[in-house]
2 protein chains.
Amino acid sequence: MDLRQLRYFVAVAQERNFTRAAELLHIAQPPLSRQIQLLEEELGVSLLIRKSRPVRLTDAGRLFYEQALQVLGRVEQMRDATRRIGLNQNSVFSIGFVASTLYGGLPSLVRKMRQHAPELDIQLLELVSVQQIPALKEGRIDVGFGRLRHSDPNVVGTVLREERLVAAVPMGTALAGASTPLSVKSLRGQKLIVYPKEPRPSYADQVLGLLQRHDVRPAEVHEVREIQTALGLVAADAGVCVIPSSARQMRSDVHYRLIEEEAMTSPVILNHRVGDNSVYIDLIKRLIEEMYRENPPWLDMEHNVLPGHSFDS
Amino acid sequence: MDLRQLRYFVAVAQERNFTRAAELLHIAQPPLSRQIQLLEEELGVSLLIRKSRPVRLTDAGRLFYEQALQVLGRVEQMRDATRRIGLNQNSVFSIGFVASTLYGGLPSLVRKMRQHAPELDIQLLELVSVQQIPALKEGRIDVGFGRLRHSDPNVVGTVLREERLVAAVPMGTALAGASTPLSVKSLRGQKLIVYPKEPRPSYADQVLGLLQRHDVRPAEVHEVREIQTALGLVAADAGVCVIPSSARQMRSDVHYRLIEEEAMTSPVILNHRVGDNSVYIDLIKRLIEEMYRENPPWLDMEHNVLPGHSFDS
DNA sequence: CTCAAACGATACCTTTAAGGTATGATAAGG
DNA sequence: CCTTATCATACCTTAAAGGTATCGTTTGAG
């Protein structure tokens with residue numbers, strides 16, 4: 001499959017006539033016919049009904065046509081965006097993040113970065129923690145906000161805060177009958193919902209590891225794509241899940257209880273390359289320190305523990 | 001530009017070494033070098049810094065790399081989806097759902113199902129709309145709650161409601177300066193964030209298709225995993241996204257504006273196999289009718305249009 | 001500081017695939 | 001039934017992809 005074939009197919013789908021499409025594409029009709037045939041052979045499905053005049057799309061052809069339009073549009077956009085970056089000499093600064101950090105200070109931090117460094121083109125890339133390390137080393141991102149500790153000597157990891165975890169439990173169940181902190185051992189024998197399902201390892205594995213360390217075995221583990229699904233299933237009484245306390249705002253039709261064990265926390269970690277002396281790394285660190293000094297609502301000191309960190313190394 | 005060149009470039013970007021990348025691609029190093037040069041000539045920008053070892057990406061190269069990954073992923077997905085279309089018991093009762101239906105009546109419906117049919121083992125499976133049709137035909141699920149219309153004659157699709165779409169825009173931007181409904185044409189030239197990234201086609205494609213139909217071309221498209229990431233990026237002023245109106249509760253630090261065009265809706269559709277006379281299908285239909293008669297808060301009649309549907313066919 | 005190894009670029013050749021022409025087969029309308 | 005339009009097949013030409021040989025540059029070890 002190739003972009004040229006996509007363009008050829010789109011033309012045929014729009015004209016519903018190979019001869020006219022060939023004219024528009026400035027090629028002869030037989031090579032157009034052959035290229036569409038090659039495409040169908042590669043896919044193993046028929047895209048067009050040729051026995052009728054004008055030709056009609058099959059169901060697969062209709063789907064393929066819509067998708068092809070989008071892919072061709074995406075290619076156009078990436079060409080334009082690449083040229084814009086390359087020709088305008090804007091600096092790009094890439095930030096990797098795990099989704100849960102969007103409920104902490106990351107949105108504000110990015111806004112402050114835009115204010116302090118308007119010349120930067122800030123790219124935001126969702127990567128689970130384990131993906132951030134190679135991404136940093138390969139230069140695909142410049143900093144990363146992750147949730148898992150690592151041991152790579154080429155990447156500096158600084159714990160910004162340790163966020164307390166809470167159990168989201170279905171309304172109307174026994175565990176929902178109180179609001180006091182509960183022991184993680186209460187989760188024994190429960191159906192556990194974990195996320196994100198892939199890529200792994202991820203926060204799902206962090207939770208499974210913490211439960212294991214506390215000798216807690218759930219009755220069933222159900223892996224789902226992401227937190228919104230997990231909390232939705234809790235609302236549907238399909239099980240319980242363990243989430244960072246900042247995510248409690250997502251739904252109000254489930255019950256939340258703080259997990260009392262002090263080890264039941266999830267760190268938020270800033271990662272960057274060793275020896276990266278970019279002024280933007282310094283700027284990020286300074287902005288983070290300022291934000292923490294301001295004690296903003298999302299920091300929620302009742303559910304976060306700050307390690308005695310500073311950025312002086 | 002061609003898919004082959006994108007694959008070549010991605011390999012070089014990942015290996016940071018032309019010789020190794022060539023080996024992985026099963027071609028010789030000189031043609032790889034030349035193809036990347038042709039690509040750079042066509043774009044008119046440099047993608048790689050070759051004077052350093054290992055080679056590094058330029059800023060334009062980094063953006064191009066991320067975009068190329070997305071495009072290649074899309075091509076893979078469209079191939080798979082096209083092939084899938086072209087080419088479907090205590091009693092377990094499986095319900096497929098798209099994540100956004102968890103913010104509607106699905107959790108309540110499942111609770112009612114559990115009450116009315118306690119003998120059922122209700123399995124909940126997150127599947128995007130297009131995955132639900134083969135899943136129904138193959139018997140992997142018994143009903144599905146999806147967002148995309150289909151034309152498969154073997155599956156009955158009933159539109160339960162048409163949910164109005166809203167634009168989530170960053171605080172402090174021009175579009176956030178009003179609360180009145182806005183025209184979809186206002187999204188021209190904006191950076192658009194779409195979700196879910198995979199599998200495809202999905203709600204992301206529904207939005208892209210709707211924009212295309214209204215002749216709206218965004219400046220850039222950024223695909224992310226799911227709505228929480230999309231809204232978080234909006235909060236970080238990384239672009240705008242189009243969401244179902246029920247999802248507005250997820251974040252309060254972005255601005256929402258109803259999109260005024262009447263066609264800018266996303267249907268919620270109940271799908272089941274033709275001729276499926278299961279008492280549970282009848283039960284689900286009855287429960288849905290009861291729930292809609294109760295006019296619950298999530299139904300939000302201001303942002304939903306009910307088609308004159310009944311389940312009598 | 002020197003040298004050898006690694007690695008990307010250039011030149012030129014071979015092979016492969018895209019496209020063109022001629023023509024056959026089939027659908028559809030008069 | 002016949003003619004025209006349209007897609008498929010066969011075969012040839014042309015253009016581009018890929019291979020080999022080799023040059024120039026970077027980097028790290030001694």
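Mentor: A salt bridge is a side-chain nitrogen of Lys or Arg within 4 Å of a carboxyl oxygen of Asp or Glu. This is a predicted model, in which local features need pLDDT of at least 70 and side-chain atom pairs count only at pLDDT 80 or more, while totals for chains, interfaces and linings use all residues. Residues are numbered from 1 along each chain as its sequence is written, chains are lettered from A and ligands numbered from 1 in the order in which they are written, and side-chain values use heavy atoms, with hydrogens and water left out.

Trainee: How many salt bridges are there between chain B and chain A?

Mentor: There are six salt bridges between chain B and chain A. One of them joins the side chains of Glu126(A) and Arg225(B), at 3.4 Å from N to O.

Trainee: Which elements of chain B supply residues to the side that touches chain A?

Mentor: Helices (H or I, at least four residues) and strands (E, at least two) are DSSP runs, numbered from the N terminus. Among the elements of chain B that each supply at least two residues to this side are helix 1 (3-15), helix 4 (59-86), strand 4 (121-126) and helix 7 (203-213). Helix 4 of chain B gives the most, with 20 residues.

Trainee: How is the extent of the interface expressed?

Mentor: Contact means heavy atoms within 4.5 Å; here 77 residues of chain B are in contact with 76 residues of chain A. Buried area is the accessible area (1.4 Å probe) that two parts lose on being put together, summed over both. The two chains bury about 6,900 Å² between them, 54% of it on carbon and sulfur atoms. Arg62(B), Met78(B) and Arg225(B) supply 10% of the area that chain B buries against chain A, more than any other three residues.

Trainee: How does one describe two packed helices?

Mentor: One gives the angle between their axes and the distance between the axes. Axes are lines fitted to C-alpha atoms, for helices over the stretch in contact, and angles run from 0 to 180 degrees between N-to-C directions. Helix 4 (residues 59-88) of chain A and helix 7 of chain B have axes that come within 11 Å and cross at roughly 80°. These two helices are therefore roughly perpendicular to each other, a term for angles of 65 to 115 degrees.

Trainee: Which residues make that contact?

Mentor: Helix 4 of chain A contributes Gln67(A), Leu69(A) and Gln70(A), and helix 7 of chain B contributes Asp205(B), Leu208(B), Gly209(B) and Gln212(B).

Key. Parallel < 35°, antiparallel > 145°, perpendicular 65-115°, else oblique.
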